[in-house]
Amino acid sequence: MRHACAPSEGSGCNAAACHAQMYTMGTVLRHGNDAQKAKYLPKVATGELRLQAFGVTEPTSGTDTLSLRTTAVKKNNSTYVVNGQKVWTSRAEHSDLMLLLARTTPKGEGRKRTDGLSVFIVDMRTAQASGGLTIRPIRTMMNHSTTEVFFDNLRVPAENLIGEEGKGFRYILSGMNAERILIAAECIG
């Protein structure tokens, strides 16, 4: 049986749709609470929910993740309000959920440089319907769906915070480490 993306055929396929779901799901698995795991992970595993978008990179910070400017300000005990922009967010057009890294403490106010960033699960369907999330495709390479994502007073429930506020940088690194292994495996077929 021949596979659609067999490396020996030189097809040059992109497995982002598969591997993104694995490493983003891992962040929820390792750092999410029991309610988040029960709500999201079974449906991600069966394909009922697509958790493929990872909102980290920004146009003004690039690979300097600690300089990101997207903010999530806690307005009360039940809501964060998100404002900012992400770029090179793969699969946002094809995802139901996004892992979003946002600044919850102003830069320089944490004990360590890595403090002050938090990770949220964003229901992209609800966010787009509310007008708080805009997705704009960036047409670059064939078979690589990447986008710009804009947050405009997007309300995110506080229950969607993964782990502890301010510790999100550590959480996303654990996901990115898994991504490196997955990409290496893809490169050798």
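Predicted model: local features only at pLDDT ≥ 70, side-chain atom pairs only at ≥ 80, totals over all residues.
As for where it sits, Ser 67 belongs to the loop that runs between strand E1 (51–55) and strand E2 (71–76).

What do the polar partners of Ser 67 look like? One is Asp 64, whose side chain makes a polar contact with the side chain of Ser 67 at 2.6 Å. Another is Lys 107: here the two side chains are joined by a polar contact of 2.9 Å. Setting aside residues up to four places away in sequence, Ser 67 touches Ser 61, Arg 103, Lys 107 and Arg 113.

## Thr 65, in the loop between E1 and E2

Thr 65 is also placed in the loop between E1 and E2. With a relative accessible area of 14%, Thr 65 is buried. Once you leave out neighbours within four places in sequence, Thr 65 is in contact with Val 56, Leu 101, Leu 117, Phe 169 and Ile 172.

Buried or exposed? Both Tyr 80 and Phe 120 are buried.

## Salt bridges: Asp 96 with Arg 50

Searching the whole structure turns up seven salt bridges. One of them joins the side chains of Asp 96 and Arg 50, at 3.1 Å from N to O. This pair links distant parts of the chain, 46 residues apart: Asp 96 is in the loop between E3 and strand E4 (97–103), while Arg 50 is in the loop between helix H2 (34–46) and E1.

How exposed are the two partners? Asp 96 has 8% relative accessibility, so it counts as buried. Arg 50, at 34%, counts as partly exposed.

## Salt bridges: Arg 139 with Glu 93

The side chains of Arg 139 and Glu 93 also meet in a salt bridge, with an N to O distance of 3.6 Å. Arg 139 lies in the loop between strand E6 (133–138) and strand E7 (146–157), and Glu 93 in the loop between E3 and E4, so this pair ties together parts that are 46 residues apart in sequence.

On the accessibility side, Arg 139 is exposed, with a relative accessible area of 65%. Glu 93 is partly exposed at 34%.

## Salt bridges: Arg 170 with Asp 115

Which side chain does Arg 170 meet in a salt bridge? That would be Asp 115, at 3.4 Å from N to O. Arg 170 lies in helix H4 (residues 168–187) and Asp 115 in the loop between E4 and E5, so the pair ties together parts that are 55 residues apart in sequence.

Conventions: Residues numbered from 1 in each chain as written. Heavy atoms only, no water. Buried < 20%, exposed > 50% of the residue type's maximum accessible area, 1.4 Å probe, protein only. Helix = DSSP H or I, 4+ residues; strand = E, 2+ residues; numbered from the N terminus. Polar contact = N/O pair within 3.5 Å; in protein donor to acceptor, adjacent residues only side chain to side chain. Contact = heavy atoms within 4.5 Å. Salt bridge = Lys/Arg side-chain N within 4 Å of Asp/Glu carboxyl O.
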